Amino acid sequence: MSNRSVIITCAVTGSMHTPSMSPYLPITPDQIAAESVAAAEAGASVIHLHARDPETGKPTGDPEVFRQFLPRIKQQSEAIINISTGGAPGMTLDQRLEAAEAASPEMTSLNMGSINNGLFAAAEREREWLHDWERPFLTASKDGVFKNTFADIEQILERLGKGHGTRFEFECYDVGHLYNIAYCMDRKLYEPPLFLQFIFGILGGIGAEVDHLVHMLRTAERLFGKDFEWSVLAAGRHQIPMNTHNLLMGGNVRVGLEDSLRIGPGKLAQSNAEQVAKIRRILEELSFTVATPKEARERLATKGGDQTAI
């Protein structure tokens, strides 16, 4: 068990959940800024961000929308700002990178392989849809692929990594994605330290089982040695249990309304900060401490908030 402090990432809104699923999902720039600052105050040292159309809640990559909340988060918190490069289904790679290239953040996500991303399952549940875009957006994933080719990955490493000094949260939806990172490392496309995000419970990716967590971690150790940072993203009801298992294995944690809309069985979370506070209580009960943004910057080797264009 690691005696290092635990880095808490909070993924505030994402692009997979839609407004009809929860009235607490942050949509507008005001809501995203407020939720991010509150999550940081609750203990998150990394804030992972998407943007949404303020009127409809539909995911957008428009840098102008990001500009309405990024400076406010930076001014009101010390947290590392981490911008998605996954964007949303239907976006081109350039659209997915536009906001990050404009903001030159300390960190972005980097998805390490193409997958079937089964959002359509959420459209099969009975609900009142608030907007006419929601259901078609979800059902389209039944015949779509979340595209992250080797060419895409290399472009992101080149344009953001070499171009902006951005560090990456490497999102790994399956064990093969770890080998894709190893390939990039062997080609000197990225320098350590690594920050791996093991993703469990997405339809199309590896399941939310403790055996899979152990397998992902042991595989990463074989490929990269012991000197890397890792965290867990677990979808829905698996969020807190899988993060707790990962704590006991020496890892970091990620919560937020992007990954789960709930705080407990059948109970919607009313804020991102509520989820941060819950995982913080658990880790402190287990005698871990929460990493400060300063500690997170040192361990993840980011360039510093003063080196961004936010």
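Predicted model: local features only at pLDDT ≥ 70, side-chain atom pairs only at ≥ 80, totals over all residues.
Residues are numbered from 1 along each chain as its sequence is written. Local features need pLDDT of at least 70 and side-chain atom pairs count only at pLDDT 80 or more, while totals for chains, interfaces and linings use all residues, and side-chain values use heavy atoms, with hydrogens and water left out.

Strand 1 covers residues 8–11, where strands (E, at least two residues) and helices (H or I, at least four) are DSSP runs numbered from the N terminus. In a regular strand the side chains alternate between the two faces of the sheet. Here Ile8 and Cys10 point one way, whereas Thr9 and Ala11 point the other way, and all are buried, that is, under 20% relative accessible area with a 1.4 Å probe and protein chains only.

Strand 1 pairs in the parallel sense with strand 10 (residues 252–255) over 3 bridges, pairing being called when DSSP finds at least two bridges between two strands, and Thr9 stands opposite Arg254 of strand 10. Strand 1 also pairs in the parallel sense with strand 2 (residues 46–49), again over 3 bridges, with Cys10 opposite Ile47. From strand 1 the chain passes through helix 1 (residues 29–42) to strand 2 in a right-handed β-α-β crossover, meaning that the path over the helix runs clockwise when the strands point away from the viewer.

A search of the whole structure finds 0 disulfides, a disulfide being a pair of cysteine sulfur atoms within 2.5 Å. The sulfur of Cys172 has its closest cysteine sulfur in Cys184, and at 11 Å this is too far for a bond. Cys172 is buried at 0% relative accessibility, and Cys10 likewise has a relative accessible area of 0%.

Methods. Buried < 20%, exposed > 50% of the residue type's maximum accessible area, 1.4 Å probe, protein only.
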